[in-house]
Amino acid sequence: MRKTFGSGSVWEQTLGYSRAVQVDNTLYISATAASGEDGVVGDDFYTQTQYILQKLGKVLADAGFAYEDVVQSKLYLTDISRWEEAGRAHGEGFANIRPTLSLVHVLPFLDPKMLVEIELVAQKSD
């Protein structure tokens, strides 16, 4: 079974991708930034990471998954020296779940106000 989920972003149609794709009992969530209705939310790594995780909670719930189902998390940071700020926000949400984690240093995103993007993989137990 393959099912796609969108967020309504104009980029999804333009670039030809889905916010999330479920294949059987696994959900793959595209890298997500701290973009809200009025632009980028937050101007620091901690705040943006918190906001993104809240957004991803809705994506998980819409697909019938929960934070507890997350098995892999990837944080893409435009300044790796600020990893502790993003890591603190990530740790607050995943301290008891403890998915695998990658911290990846990247060049600036399309919008230079975006400091963090997060990509998740979640899997339901059989």
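Let me begin with a term: a residue counts as buried when its relative accessible area is under 20%. In this predicted model, T26 has a relative accessibility of 9%, and therefore it counts as buried. T26 lies in strand β3, and its side chain makes a polar contact, at 3.0 Å, with the side chain of Q123. If we set aside the neighbours within four places in sequence, the residues in contact with T26 are V21, F65, V121, A122 and Q123.

From there I turn to the nonpolar core. The largest one has 23 residues, and those that touch the most other members are L27, I29, L56, L60, V116, I118 and L120. At least two residues of this core come from each of β3, α2, β6 (70-77), α3 (83-94) and β8 (116-123), with α2 giving the most, namely 6 residues. As for V116, its contacts beyond four places in sequence are T32, A33, A34, F45, Q48, T49, I52, Y76, L77 and F109.

Finally, the largest pocket, which has a volume of about 690 Å³. It is lined by 23 residues, of which S9, Y17, R19, S35 and K55 are the closest to its centre. The elements that contribute two or more residues to this lining are α1 (10-15), β3 (26-33) and α2 (45-62), and the largest share, 4 residues, is that of α2. By residue class, the lining of this pocket divides into 11 nonpolar, 6 polar and 6 charged residues.

Conventions. Residues numbered from 1 in each chain as written. Predicted model: local features only at pLDDT ≥ 70, side-chain atom pairs only at ≥ 80, totals over all residues. Heavy atoms only, no water. 1 Å grid on protein atoms, 1.4 Å probe; cavity = no way out; pocket = protein on both sides within 12 Å on 5 of 7 lines; lining within 4 Å. Points joined across faces, edges and corners; volume = space filled by probe spheres on them. Nonpolar A, V, L, I, M, F, W, Y, C, P; charged D, E, K, R; others polar. Core = buried A, V, L, I, M, F, W, Y, C linked by side-chain atoms within 4.5 Å. Buried < 20%, exposed > 50% of the residue type's maximum accessible area, 1.4 Å probe, protein only. Contact = heavy atoms within 4.5 Å. Polar contact = N/O pair within 3.5 Å; in protein donor to acceptor, adjacent residues only side chain to side chain.
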